[in-house]
Amino acid sequence: MTKISSVGPSGPWRQPSAVPTKPHQRMREPVSPSKGRVVGYYSSCKNNRGTAWESQLELKACTLFEFSPSIRSYQEQPITLWLPARYDKLSRYTPDFEITDLNGLVSYVEVKPESKLKDPLIRETLLAASTLLEKQGYPYFVLTEKELLQQHLIRNLTVLKAYKRYEFEANELLRAINWITIQGQSTYRDFSNYMGGPKAVLALIAQQLIATDLYQPLSLTTPIWPTEESNHENNLFKGRFAPDFE
């Protein structure tokens, strides 16, 4: 599926030009830190650039996007929509993220505290955005702290992030995969002992070349097993879809 095409400033969509001047051109630049607000950039291997986030929830969303096997890429502030509003006016709305899966399917994501979903005006905006996007064939969903604040998962992924770019020495990867395939299942301690240290094992997990239960704390007795092909179809989150965002 191709991305939404622009129909001009009077239409419902607004996107970057066909030949952007930057690798990724946001429709709205991140808000500068103010009044204690923390913003920053997530160093993404999938996107090969820093991805801007404007809240701790958006940072955690980036972490889950980065490690979800079925997501190929994601970008922040991807498009601007003009939504029907009260008094026959249009209101401008920019989704927080666009994600593209391995099959090329594009979806749009809003990250919001769950309490905000009870606000009638916010809910009206989310429903209007969902209706407009889904008419064009683009799924739209909301992520809240209930989907994003998975304590052990986020902690594990934060540790593994440093090993996403780990480069294996000659024959190191082949030796590791052959060993775990023959074993069928091992533990973090035994695999680390075989590999001469934990770095290669953490890199194998981070790069999804071997598997473990990331929802449990990593420890010496954590089970490790070969990655199954079906694992690449999975996301590490579930979104909330209209009309029941709550």
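Two strands count as paired when DSSP finds at least two bridges between them, and the elements here are DSSP runs numbered from the N terminus, with helices (H or I) of at least four residues and strands (E) of at least two. The model is predicted, with local features needing pLDDT of at least 70 and side-chain atom pairs counting only at pLDDT 80 or more, while totals for chains, interfaces and linings use all residues. Residues are numbered from 1 along each chain as its sequence is written, and side-chain values use heavy atoms, leaving out hydrogens and water.

Let's start with strand 7 (residues 97–101) and strand 8 (residues 106–111), an antiparallel pair joined by four bridges. Within this pair, Phe 97 sits opposite Val 109 of strand 8. Both strands belong to an open, mixed sheet of four strands in the order 4-7-8-9. Its edges are strand 4 (71–76) and strand 9 (140–143), each pairing on one side only.

Now for the helices, where contact means heavy atoms within 4.5 Å and angles, from 0 to 180 degrees, are taken between N-to-C directions of axes fitted to C-alpha atoms, for helices over the stretch in contact. Helix 1 (residues 56–67) lies across strands 4, 7, 8 and 9, at about 10° to strand 7. Helix 2 (residues 120–135) also packs on the sheet, touching strand 8 and strand 9, and its direction makes about 145° with that of strand 9.

Elsewhere in the chain, strand 2 (residues 40–44) and strand 3 (residues 49–53) run antiparallel, joined by five bridges. Ser 44 has Arg 49 of strand 3 as its bridge partner. Four residues lie between the strands of this hairpin, where Asn 48 takes a positive phi near 55°.
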